[in-house]
Amino acid sequence: MIDTKELTKRFGELTAVKSIELHIQEGEIFGLLGPNGAGKTTTISMLSTILTPTSGTAIVAGHNVATEREDVRKDIGVVFQDPSLDDELTGYENLEFHGRLYGMSKDERKERIVELLELVELIDKKDIPVKNYSGGMKRRLEIARGLMHKPRVLFLDEPTIGLDPQTRRYIWKYIKEMNAQERVTVLVTTHYMEEADYLCDKVAIIDHGEIIALDKPSRLKSKMGKSVISMDVSKPDKFCELVRKSKWVIKSKCVGDKVHLTVKDGEKLIPKLVILAEKNGLNVNSITMHSPTLEDVFIQLTGRHLREEQASSTDALRKRFMARRGH
Ligand SMILES: Nc1ncnc2c1ncn2[C@@H]1O[C@H](COP(=O)(O)OP(=O)(O)OP(=O)(O)O)[C@@H](O)[C@H]1O
Ligand SMILES: [Mg+2]
């Protein structure tokens, strides 16, 4: 349903999307997971014909995005990262307007609007102006609008950004339901690893415009071993080196003041790691262990967190303390 070859977008000196290859099957929910500025919106913009690629090709629903724009547009629905509803119109009227734009008949529109408002549980609110909707309700209406003309592909650019965890879960439920009911192929971008993990059949991790990993979420995680150990230890770089020499771990990375280790058997390893640190005169301040997440995959590949604020609060506190002491 989506096929790209060496798809590239440059803005002057900056290459926002570098030669990406995507092969997305019909009915799949495919995720592009990456931090701010990774090139997610630029990719969606090219696939939805809003931006012209600098080089490379992209075929969406059998049509070339550069030379058959109108054909592509008929077959796709887009939910933009920035809100784009008409606040003065009611929920019903927003969908009605969209249906007219796409040349749907009156009966067709009426039936489809009711069907979609039921899917996203907004039927009770259909006659209220959108300016009186909550953020989550607006997002649900935008998803319904994206589906209005029965597209074969739906692009969702950060569908749950800024929403609370409960609303986020509802939106995931609607996306799964509509994917199952309508067999629509979904390309979703996100920087929330839980979203990519829960929602997507396959995930491409994108960073600085490049795809650095692509697989099923479960496979991406299982490559990380059984557990991830995060250690707050004095001289993390030195400790990382010691650990690498020990050959106990699958992967290791220092991020800020923490050492992240992906390992096979975490429980057995923790005492050994503490002894190793102490023998070498290093202080262990804390140790935590968890099952691998897509965030861990990103950390191991890039040495960074998906989001800055995910760096632990103790790191932030220590940095502030050190800054005050003039370090
Ligand atoms: N029209 C433009 N002109 C110049 N640079 C742009 C333009 N659009 C995007 N960029 C740059 O391209 C890079 C990728 O931007 P993009 O919006 O695709 O990232 P993103 O992954 O969607 O980020 P976010 O998570 O913040 O939405 C960024 O460095 C951005 O500043
Ligand atoms: Mg974006």
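Reader: How many residues of domain 1 are in contact with domain 2, and how many residues of domain 2 are involved?

Author: In this predicted model, 17 residues of domain 1 are in contact with eleven residues of domain 2. Domain 1 covers residues 2-218 and domain 2 covers residues 223-324, and their centres, taken over C-alpha atoms, are separated by 36 Å. The area buried between domain 1 and domain 2 is about 1100 Å², with carbon and sulfur atoms giving 71% of it.

Reader: What makes the pair Asp207 and Arg304 a salt bridge?

Author: The closest N and O atoms of Asp207 and Arg304 are 2.5 Å apart, and because the cut-off for a side-chain nitrogen of Lys or Arg and a carboxyl oxygen of Asp or Glu is within 4 Å, the pair of Asp207 and Arg304 is counted as a salt bridge. Between domain 1 and domain 2 the count is two salt bridges, and three residue pairs are found in polar contact across the interface. On the side of domain 1 that touches domain 2, the elements giving two or more residues are α7 (193-199), β10 (202-207) and β11 (210-215), and β10 gives the most, with four residues. By class, that side of domain 1 has eleven nonpolar, three polar and three charged residues.

Reader: Why is helix α1 described as largely enclosed by the rest of the structure?

Author: Helix α1, residues 40-47, has seven buried residues out of eight, so the helix is largely enclosed by the rest of the structure. The buried residues of α1 are Lys40, Thr42, Thr43, Ile44, Ser45, Met46 and Leu47. After α1 comes Thr49, whose phi is positive, near 70 degrees.

Reader: Why is Glu96 called buried and Arg100 exposed, and what joins their side chains?

Author: Glu96 has a relative accessible area of 17%, and because buried means under 20%, Glu96 is called buried. Arg100 has a relative accessible area of 54%, and since exposed means over 50%, Arg100 is called exposed. Their side chains meet in a salt bridge at 3.3 Å, N to O, and both residues lie in helix α3 (residues 91-101), four residues apart, about one turn of the helix.

Reader: What are the counts for the protein of salt bridges, and of helices and strands?

Author: The rule gives 16 salt bridges, and the protein has twelve helices and 15 strands. Of its 327 residues, 50% count as buried.

How values were computed. Residues are numbered from 1 along each chain as its sequence is written. Chains are lettered from A and ligands numbered from 1 in the order in which they are written. This is a predicted model: local features need pLDDT of at least 70, side-chain atom pairs count only at pLDDT 80 or more; totals for chains, interfaces and linings use all residues. Side-chain values use heavy atoms; hydrogens and water are left out. Domain bounds come from an automatic or database domain assignment. Contact means heavy atoms within 4.5 Å. Buried area is the accessible area (1.4 Å probe) that two parts lose on being put together, summed over both. A polar contact is a pair of N or O atoms within 3.5 Å; within protein, one must be able to donate a hydrogen and the other to accept it, and residues adjacent in sequence count only if both atoms are side-chain atoms. Ala, Val, Leu, Ile, Met, Phe, Trp, Tyr, Cys and Pro count as nonpolar, Asp, Glu, Lys and Arg as charged, and the others, Gly among them, as polar. Buried means under 20% relative accessible area, exposed over 50%, partly exposed in between (1.4 Å probe, protein chains only).
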